[in-house]
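Open the model in your viewer and keep the sequence panel beside it. Each stop below gives you something to select, then tells you what is there.

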Amino acid sequence: MARGENRVLKNRNETRRDKREKQKLNEKKDEEVKNDNIVKTDDSGVGIFTEETNKKIEGTLSKIIVKVGCITLMLYVWIFLFTKKYYPYRVQNQMLIDALQDPELIRHTVKVSYDYQEFYNKYMEEHNQPQRIHLLKRVDKDTVPTDEEVKEKEKEPVYEVDEDEVPIAKERKSDILPEDEADVEVVGDMKEEIMGGEIYTVDEIFEKLGIEKISDYQTYSEYEKNLLKEFRLDREMPENVAKKADYYKQIIERGLKEGDERFFVKKINDKKGYGLFAKVDIVANEVLGVYTGVIQSTDSEKGKKFEWYYSTIPDRKLEKMVELRVNGKNKGSALRFVNHSIFYNSRIEYVPYNNQWYILFITNRYINRGEEITVDYRKNPKRMPEKILDKWDKVEEEELQKLYDEYMKLKAQSEQASTKEEKKASAKEL
Ligand SMILES: C[S@@+](CC[C@H](N)C(=O)[O-])C[C@H]1O[C@@H](n2cnc3c(N)ncnc32)[C@H](O)[C@@H]1O
């Protein structure tokens, strides 16, 4: 028994010792933790943190800084894009809308068209040609409204125009009221009425021929891209070109952004191929669009069919000047269908914008719906060899001569018929 009691006492003593040791160990650990986490005081009495706490705080601080940095950067990019890219479009579009409402500009446009009509008809008369332009049937240059009248008109709803109002070209589909729609969608009627033959909308013909519609120039390869990068247009720009750039800037942007419903494409004949025609009446000095395509350095002997001269720029690698052209054959705009004519009604202007040349097609006179849009390829000497142009002009002159002969024949027939009837009538009277 005594032996058993002793063992129990010994065990109890052991567990007590264990407990005390454990307690001591715990107290020691607590002390260590306190030392780590609680502010220590240095000699000067100023509170400092331990290294570990400092690290934790630094970590959270850098996270906050990174987040704030990212947000500021995103905000900056957004503000930059908005102010530099999107906002100017809005302002420029508004400027254009204002310009179209500007009575001075309208008066000028009407006058130019009217003068051109007089000049053209007189020229045709002098050369015994049957063609006449009957522009602006509803407008007389002397009856263009005065500023006061225009101001009065502005108070009225914009689309309630009467017959005598100055014709402002309706360019964007969104601007056309449903009741005017029938008047604008004329392709169907024209098929029988005026033109005959194959007629397509620009989208249809692009799909049929597998042409990609592009609203901006594309460079053919990295090589050309790099050439262009080095070349700054504004270094070379004379004052008059700079003024032109300023004037057309807004129109370039509008032209590139909006879908254009002013044209249709028609097959003329196998030799000439397709041509671009006006689907609506278009006023004089109106921008028809930009000749877009792929910019490439070209072998000047080949492939000029769909190319317009772009620029001649120095190539440091080749140590010579290289000629660049815009090729609209497989990628381009509706203007790739514009043919050459001696009686051209539009012109081409090279306008610098965004360090690129924009080849703008602009009307020279009022163009009636159904008329083919043509330019003078001769005005751009690098466009086509003179020999080919001479041949085309000869064909056109012959066609005109045929038309003129037919016209004279018909005229003679009707005159004969009327003299016969007159004779009959006078015989009856007798
Ligand atoms: C820019 S494309 C005009 C669209 C072209 N007619 C078509 O079918 O796609 C220029 C080419 O049209 C033809 N072309 C343009 N004007 C012409 C004319 N007056 N007489 C004959 N062919 C002409 C020539 O083949 C020329 O290379």
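**Stop 1: a hairpin.** Select residues 346-353 and 356-363. These are strands S14 and S15, and they pair in the antiparallel sense over eight bridges. Now go to the turn. Two residues sit between the strands of this hairpin, and Asn354 takes a positive phi near 55° there. Remember that you are looking at a predicted model.

**Stop 2: the other partner.** Click Val290, then Leu360: the two are bridge partners. Is S15 mostly covered or mostly open? It is mostly covered, with six of its eight residues buried.

**Stop 3: the core.** Show side chains for Phe263, Leu276, Ile359, Leu360 and Phe361. In the largest nonpolar core, which has 46 residues, these five touch the most other members. Which strand gives the most to this core? Strand S15 does, with five residues. Next, centre on Leu276. Leaving aside residues up to four places away in sequence, Leu276 touches Phe263, Val265, Ala334, Leu335, Phe337, Val338, Glu372 and Ile373.

**Stop 4: an open sheet.** Select S3, S6 and S7. They form an open sheet of three strands in the order S3-S6-S7, with antiparallel pairing. Strand S3 (199-200) and S7 are the edge strands; each has a single partner strand, so one side of each is left without a neighbour in the sheet. Zoom in on S6, residues 263-269. Six bridges tie S6 to S7, and the two run antiparallel.

**Stop 5: the ligand.** How many residues surround the ligand? There are 14, and the closest are Gly273, Tyr274, Asn339, His340 and Trp392. Strand S7 (273-278), strand S13 (339-340) and helix H10 (386-429) each give two or more residues to this shell. Colour the shell by class: five residues are nonpolar, four are polar and five are charged.

**Stop 6: Glu323.** Move to strand S11, residues 320-327, which holds Glu323. Is Glu323 buried or partly exposed? Glu323 is partly exposed, because 15 other C-beta atoms lie within 10 Å, while burial takes 20 or more. Now select Thr312. Thr312 and Glu323 are 11 residues apart along the chain, yet their C-alpha atoms are separated by 4.4 Å.

**Stop 7: confidence.** Colour by pLDDT. The mean for the protein chain is 71, and 62% of its residues reach 70 or more. Two stretches deserve a look. Residues 88-97 have pLDDT below 50, and beyond near neighbours in sequence this stretch has nine contacts in the model. Residues 156-196 are also below 50, and that stretch has 41 contacts beyond near neighbours in sequence. For the model as a whole, ipTM is 0.99 and pTM is 0.57.

Key:
Residues numbered from 1 in each chain as written. Predicted model: local features only at pLDDT ≥ 70, side-chain atom pairs only at ≥ 80, totals over all residues. Near = placed C-beta within 6 Å. Helix = DSSP H or I, 4+ residues; strand = E, 2+ residues; numbered from the N terminus. Nonpolar A, V, L, I, M, F, W, Y, C, P; charged D, E, K, R; others polar. Buried ≥ 20, exposed ≤ 12 C-beta atoms within 10 Å, placed from the backbone. pLDDT = per-residue confidence, 0-100. Contact = placed C-beta atoms within 7 Å. Pairing = 2+ DSSP bridges. Core = buried A, V, L, I, M, F, W, Y, C linked by C-beta atoms within 7 Å.
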